[in-house]
Amino acid sequence: MKKLIITLIFAIFYVYAEKSIYGNENRFLFASPEYFALGEAKNALSSEPIPANNPASLILAKKTAFFAGYTSFYNNSLWAGNTYATLKADSANVAGVFVGYIYIPDTDSTRQIISFEGATPDYEIIPSSSSELSINLIFARNIFSFERFNLSVGGSLNMMRRRLIEWAGYGIGADLGVLFSTNRGNFVSFQIDNVATHYTRWSKNYSENTLPQCFLSYGYSKKANENISFNLLYRSPDLFGNSGVVANTFGEESAFEDDIHSGSVAKNPQNLFVAAGYGAEFFIKNMVALRIGLSDSHKLTFGGGIYLFERAYVDFAYVYSSALDGTYGVSLKFEL
């Protein structure tokens with residue numbers, strides 16, 4: 001039965017098409033302010049069903065919750081809005097659904113104006129918009145729960161519609177994850193995104209497969225005293241080297257080239273540290289959260305949150321997402 005399931009996954013998602021390292025890169029733009037503020041490194045300790053997260057960590061959700069967030073990029077040149085819901089069926093099973101939308105207004109498109117035969121053609125610039133819709137279905141299950149450690153697994157099905165001015169592409173893919181935690185506050189997360197590739201069809205003549213990516217994350221959670229607790233976080237670069245962002249040495253700008261895979265750990269082991277994401281968050285009386293992080297593109301991020309009435313959570317972040325300049329994000333989460 002397991003071999004049949006694996007074969008079906010590859011049959012559904014691996015359709016012959018052109019290989020790509022950017023096809024599903026926008027998933028990181030759908031993150032929450034909490035995730036952004038921590039250098040995009042909270043995979044091992046995040047209970048959010050966002051596309052960039054480890055689906056297995058959804059098991060950490062304490063209650064059924066509803067979320068709405070907004071992030072601006074490049075001074076509102078583009079923006080992302082997202083919402084999600086988590087349903088905690090019991091202590092061993094949690095499900096989630098995520099819907100995100102990116103909108104890029106007024107992209108200039110140059111078109112040729114038909115002229116008289118033999119004459120030099122004229123051109124006009126027409127402003128158009130681009131967008132992306134992302135829908136993810138996530139499920140996590142605790143499969144081993146002992147006195148000293150827990151082991152959970154999770155998976156997500158992600159669907160996408162991307163519109164680039166005059167072209168529209170439809171994509172589908174899947175992610176898998178494992179989360180191991182101990183009673184001493186250690187959390188180790190392992191995830192594979194775009195399992196068997198993320199397939200996107202643009203037209204009858206052109207399709208692309210986004211290559212799989214693999215991330216290892218670590219989180220340490222500690223309660224210092226009755227009033228203060230903190231989390232320390234780490235997320236590795238793509239261990240497969242199939243990401244579109246390259247950051248080989250600390251302090252250098254990221255480069256984008258189709259023939260260079262990002263921070264290949266096999267060729268550059270130091271990238272486990274210099275091309276990784278880091279974060280730290282502090283909680284004061286479980287009411288105020290302070291967050292700071294360093295993204296994989298070596299940009300400082302920070303943010304905070306206020307917890308109201310033990311049900312509502314308001315979060316803010318100043319964001320440096322991997323490939324984009326400084327921006328901000330806000331969100332509201334409500335737990336039942």
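**Salt bridges and surface features of the predicted model**

A network of salt bridges links E34, K42, E281, R291 and D315, a salt bridge being a side-chain nitrogen of Lys or Arg within 4 Å of a carboxyl oxygen of Asp or Glu. The structure is a predicted model, in which local features need pLDDT of at least 70, side-chain atom pairs count only at pLDDT 80 or more, and totals for chains, interfaces and linings use all residues. Residues are numbered from 1 along each chain as its sequence is written, and side-chain values use heavy atoms, with hydrogens and water left out.

Eight salt bridges are found in the whole structure. Between K42 and E34, the closest N and O atoms are 2.2 Å apart. K42 counts as buried at 6% relative accessibility, where buried means under 20% relative accessible area, exposed over 50% and partly exposed in between (1.4 Å probe, protein chains only). E34 is likewise buried, at 11%.

A salt bridge also joins the side chains of R235 and E40 (3.8 Å, N to O). R235 belongs to strand β12 (residues 228-235) and E40 to the loop between α2 (33-37) and β2 (65-73), so the pair ties together parts 195 residues apart in sequence. Helices (H or I, at least four residues) and strands (E, at least two) are DSSP runs, numbered from the N terminus. R235 is buried, with a relative accessible area of 2%, and E40 is buried at 1%.

The side chains of E132 and R162 form a further salt bridge (2.7 Å, N to O). This pair links strand β5, which holds E132, with strand β6, which holds R162, across 30 residues.
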